[in-house]
Structures are given as structure tokens and as C-alpha cells.
Amino acid sequence: MKKRVVSILLSSMMVLSLGICGKAEEKTQEEEVLRIGCTIAHSNFNVFDQGGAYGKLNLECFGQQPLIGMDENGELTPGFFETFEINDANDTVVFTYPTDAKFHDGTTITLDDVLFSMDSWMEKWKGRGYNVTVTDSAEGTITCKLDTPSAYSWLSYGAGQCYIAPHHVWEKVTEDYKSYVGEDAHIGAGPYKFISYDEAAQVSYYEAFEDYYWGEQTIDKVELHSYASPENLVMAMKNGEIDAMYTYAGPIPSTLIGVLDGVENVDLGKSNYSGNYQLTFGFNMEPTKDQKFREAVYNALDYNLLAITIGGNEAVPAKKGMIPQGNKGYKDGFPVNKRDLDEAKELLDTAGYKDVDGDGIREDVNGQSMQVSILPQSGKNEMMARLAEVISQNLSEVGIQCVLDEEAIRNEDIFNQRTRVDKNYQLYVGYTTPGVADYRTSAFYILPEPYYQSGTFNDEEYVTAYQELQNAKNTEEYTKAAEKIQDINAEKLPLIALAWEKAYFPYRTDRFEGWDNWPSTGVINQETWFNVDSIK
């Protein structure tokens with residue numbers, strides 16, 4: 001297999017040779033169909049919609065071509081932009097791109113398409129804290145400038161989840177791009193093009209794009225099967241209905257993986273998981289803004305029970321630094337989270353949260369009745385509610401009365417008001433996805449605007465460390481900033497990692513070979529389409 005080698009020029013002017021797998025040897029066997037299973041429903045087949053099954057799979061360079069790629073270690077690789085040069089100030093990037101590449105409808109990608117694509121993704125980048133402007137352009141090259149020294153961060157977290165889009169399709173669309181459902185909404189430049197969708201069967205069908213410039217695919221056809229539950233997906237894998245699975249930030253729960261244990265021709269696809277569930281404290285409210293109270297909560301939690309709840313016997317209590325082992329920037333040496341009820345009670349007593357009336361429930365520092373609200377993240381999964389129950393029970397054992405925010409749980413408008421407008425939550429059960437963990441760390445979710453719309457931890461030292469992470473020019477600078485963030489996490493406890501778990505993305509080994517199991521992602525990744533081939 002030949003490789004398409006490109007050069008990425010960094011600000012140090014050192015040239016790194018990077019490549020993606022390219023043209024495979026001529027195949028003589030009949031066309032093979034790779035069947036992928038997921039637990040996300042099919043929705044809009046649209047270059048700008050990343051919410052449905054097709055949209056999530058596009059994060060792995062499937063039907064759409066990302067502007068920048070990412071390898072299994074979180075390092076930048078070529079995407080549509082073949083090379084990129086970051087200046088010394090880390091605020092300007094010069095890109096080059098092919099002038100003979102094509103969209104799925106056969107039209108050649110032009111500078112007009114490039115400029116349209118950059119402009120179309122601007123709002124998404126602004127929402128993530130990056131203000132990007134195209135300052136110079138010509139066929140085959142464009143120059144982009146940011147108003148902050150965060151070019152490396154933008155490429156890592158912003159550009160990699162955006163795609164090259166055809167202007168001639170979208171110039172006629174007057175509605176919100178994500179809402180467009182025209183037959184040409186799916187046209188992109190990725191290795192596979194959309195063919196059809198069977199709504200009754202919840203299966204979409206794709207074929208290798210013959211004019212794909214970046215390399216020849218080793219798989220002719222792909223089917224994407226959507227299942228209603230992880231249980232159904234696991235049984236489909238066991239019965240040979242699918243060959244592999246992919247769901248962004250959604251590996252098979254370890255409590256179900258036993259169904260596949262020992263099944264012939266099935267690999268469990270086990271790896272370290274970079275994301276995690278977490279408990280976040282609200283800093284706009286008492287008592288959660290009180291350091292002593294947070295320390296008491298930290299000591300009151302039953303981390304062994306939380307780990308089992310999250311990941312069965314495979315999950316383990318996390319460490320105090322928050323960032324899971326295996327992540328870019330991970331710092332070792334922090335203590336493992338451990339329950340100490342006596343310490344929790346002493347901290348509460350010392351801070352003035354005492355049981356004044358002897359009913360077993362502590363009052364606030366003024367001797368008044370105290371209830372602490374706990375809010376599970378909206379729309380994630382049933383696990384959030386279960387974790388909220390465990391945390392409530394844990395805290396009741398040291399006299400803290402918790403109450404679920406049922407109103408916000410039932411009503412999304414109230415949830416958004418509570419988290420995005422008033423920001424008056426106290427305990428918030430949330431989640432850091434692998435994508436955010438790899439490029440921004442869990443700090444992203446607790447910082448105030450303009451970083452994150454629901455964050456309340458406006459700590460000057462923390463904001464500075466995070467800005468250093470955003471301004472990093474390379475992995476080394478990113479790591480230093482991430483280590484500072486972990487130190488503050490351990491000291492000030494703005495949030496607590498509830499457990500670290502393993503990821504399971506099972507796959508079959510009887511029809512295809514060449515699988516590469518990426519941590520937190522599985523065998524369906526950006527290299528799958530060029531490495532995996534049918535068994536001869």
C-alpha cells in the first residue's frame with residue numbers, strides 16, 4: 001500500500017512528514033460490504049448535521065472530508081488541507097489544498113468552495129472561542145488569522161470537526177443549514193458517498209467514492225445499522241449481523257460485554273477510555289462555592305460503588321487530578337479518590353454545617369434548613385440519574401440532604417435556564433467526552449463564558465492555565481498547561497472525576513482483517529477505510 005506523504009510546517013520551521021494510507025493493491029475478489037452498528041438513530045444526511053448516525057460517523061473521515069485530521073494519539077494529520085504552517089505568534093495558519101479534488105457529484109473543489117466552507121463554520125468556531133478570518137487566498141492556498149494566539153488549539157479542536165462543503169449546493173439554501181433535507185445535502189468529498197436509506201430497517205447504504213483524491217479505499221461498500229439499545233447491538237454482533245460498531249463517546253457498557261466474552265470470531269475491542277463522568281460544583285451558590293464543603297463532599301463519596309455503577313468490575317476510582325491516564329497531558333502522582341466519612345464529617349463540623357436540631361440532617365452555617373440540589377446532565381443517558389441517586393445516598397450518610405432537580409430534569413427549557421442563564425445549579429452530574437478530553441480537558445466544562453456557557457468556576461489562576469492550554473503551540477506546551485490544570489483540580493476541587501473506565505468497541509474477525517483498535521474510538525476510525533480489507 002502506497003502512502004500519500006505530506007509536509008506539515010510548524011512554527012519552528014521543522015518539517016514533519018505525515019501521511020494517510022493511500023492506494024491499495026488491485027483487488028480481484030467480489031465486492032465486500034462492511035456492516036457497522038451504532039446506537040444513534042438516523043436523522044438528517046447533511047454535511048452540517050453531526051447529530052445523527054451519519055453525522056457522528058463523519059467524525060471519522062467517512063462521508064465528509066475533515067479540514068484537518070487526527071491520529072490515535074491526538075496529533076494533527078492532513079485532512080482536506082494537505083499542509084499547514086503555523087507562525088511563531090501562533091495566530092496565523094497558511095494552508096495548502098489540492099486543486100484537482102472532487103465532490104461526490106463530480107464537480108471539482110475550487111477556491112470558492114474553500115472560502116464558503118470556512119465562512120460556514122465560523123459560528124461554530126466562535127462558539128468554541130475561536131474567531132477565524134481568511135486574510136489571503138488563491139487557488140491551492142489560503143491564509144487564516146485568529147484574534148488570539150490559539151492556532152494550534154483551533155486546528156486540534158475546531159478545524160478537525162468541520163468539513164469541505166460544496167458552495168453550489170448551499171448557495172440556494174436560505175434556511176438553517178442543519179435543517180436542510182434536500183437530496184443533495186449529503187454531498188461531500190469523503191471516501192464514501194451516500195446511496196440510500198431504509199427507514200424501516202434503520203440502515204443507510206454507502207459506496208466508495210471512485211474519484212476520492214486522498215487514496216483508494218480498501219472496502220467497496222458500507223452499511224450503517226442503527227439499533228435501539230446497546231443490548232440489541234451486542235446481540236447483532238454476536239449473531240454476525242454486523243462486523244464492527246461505532247458510536248461517538250458511547251462504547252458498549254462493560255456490564256453487557258460478557259454476552260460476547262468467548263464468542264468465536266469476536267474481539268471485545270478493549271482499550272483505555274479518555275472520557276469520564278464527573279461531579280461539578282456550582283460556584284454561584286452556597287454551600288457548593290465553599291471550599292470546605294467541596295472537600296467534605298469529596299471525602300463522602302463512595303468511589304468504589306460509583307466505579308462499579310459506571311463500568312462494572314472494569315472501572316476503577318479516578319485520581320484527584322481529574323484527567324484520565326492515557327490522555328495527552330496526563331500528570332501522574334495524584335492520590336486515588338478514596339472515601340473517608342470521618343474526615344467528611346469533621347470538615348462539615350469545622351465549616352459550621354451542623355445538625356442543630358438533632359434530626360440527622362445538617363443545617364447551613366446560619367443554622368437554617370439546608371437542601372442541596374443535584375442536577376443530572378440533560379439528554380445524556382440513564383446513567384446520569386443513577387449516579388445522582390448514588391451521590392445523594394452517599395451525602396446523606398454525612399447528614400447532607402440532597403434533592404433531585406426534578407423540574408429541570410423534566411423540562412429542557414428549565415434545564416437550559418438553570419444551566420445557561422441563571423447558572424444557579426449546586427451539584428451537577430456531567431460528562432467529558434473523549435473529543436473534549438483529548439483537546440480541551442474537563443476544564444472546558446467548568447470555566448465561565450466565553451469558554452463554556454454553563455461554567456461558573458471563574459478562578460483567575462484556573463482561567464490563566466486554561467488560556468495557556470489554548471495558546472499552546474505544540475504538544476509540549478499543551479502538556480505543561482494541562483499539568484497546571486490538574487494541580488488546581490486537586491487543590492480547589494471545582495469538579496470530581498467519578499471513575500475511570502475501559503472502552504469496549506467489539507468487532508468481528510471472520511470477514512475482515514487489518515483492524516486497528518484506537519483508544520476511546522475503536523476500530524472504526526479515520527484510517528479504517530484505507531487499512532481494513534476482506535480476508536482473502
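Me: Before we get going, what does "buried" mean here?
Reply: Buried means under 20% relative accessible area. Keep in mind that this is a predicted model.

Me: OK, so is Trp 170 buried or exposed?
Reply: Buried: Trp 170 has 0% relative accessibility, so it falls under the 20% cut-off.

Me: How many aromatic pairs are there in the whole structure?
Reply: A search of the whole structure turns up 41 aromatic pairs. One of them is Phe 48 with Trp 170, with ring centres 4.9 Å apart and planes at 85°. That angle is over 60 degrees, so the pair counts as edge-to-face.

Me: Where do those two sit in the chain?
Reply: Phe 48 is in the loop between β3 (33-38) and α1 (53-57), while Trp 170 is in helix α5 (residues 167-170).

Me: What about Phe 80 and Tyr 97, stacked or edge-to-face?
Reply: Stacked, because the planes are at 25°, with the ring centres 5.4 Å apart. Phe 80 is in the loop between β5 (76-78) and β6 (83-86), and Tyr 97 is in the loop between β7 (92-96) and α2 (111-120). Phe 80 is buried at 0% relative accessibility, and Tyr 97 is buried at 3%.

Me: Which cluster do the ring pairs link Phe 80 and Tyr 97 into?
Reply: One that also includes Phe 81, Phe 95, Trp 125, Trp 154, Tyr 212, Tyr 213, Trp 214 and Phe 530.

Me: Switching to charges: which ring does Arg 128 lie over?
Reply: Arg 128 lies over the face of Tyr 157, at 4.4 Å from the ring centre. There's also Lys 320, which lies over the face of Tyr 298 at 4.8 Å from the ring centre.

Me: New topic, pockets. How much space lies in the second largest pocket?
Reply: About 620 Å³. The lining of that second largest pocket has 32 residues, and Asp 71, Asp 438, Tyr 439, Pro 519 and Thr 521 lie nearest its centre.

Me: Which element gives the largest share of that lining?
Reply: α13, with four residues. The elements that give two or more residues to the lining are β4 (68-70) and α13 (434-439).

Me: What's the lining of the second largest pocket like by class?
Reply: The lining has 15 polar, 12 nonpolar and five charged residues.

Note on methods:
Residues numbered from 1 in each chain as written. Predicted model: local features only at pLDDT ≥ 70, side-chain atom pairs only at ≥ 80, totals over all residues. Heavy atoms only, no water. Phe/Tyr/Trp six-rings, centres within 6.5 Å; stacked < 30°, edge-to-face > 60°. Buried < 20%, exposed > 50% of the residue type's maximum accessible area, 1.4 Å probe, protein only. Lys NZ or Arg CZ within 6 Å of the ring centre and 35° of its normal. 1 Å grid on protein atoms, 1.4 Å probe; cavity = no way out; pocket = protein on both sides within 12 Å on 5 of 7 lines; lining within 4 Å. Points joined across faces, edges and corners; volume = space filled by probe spheres on them. Nonpolar A, V, L, I, M, F, W, Y, C, P; charged D, E, K, R; others polar.
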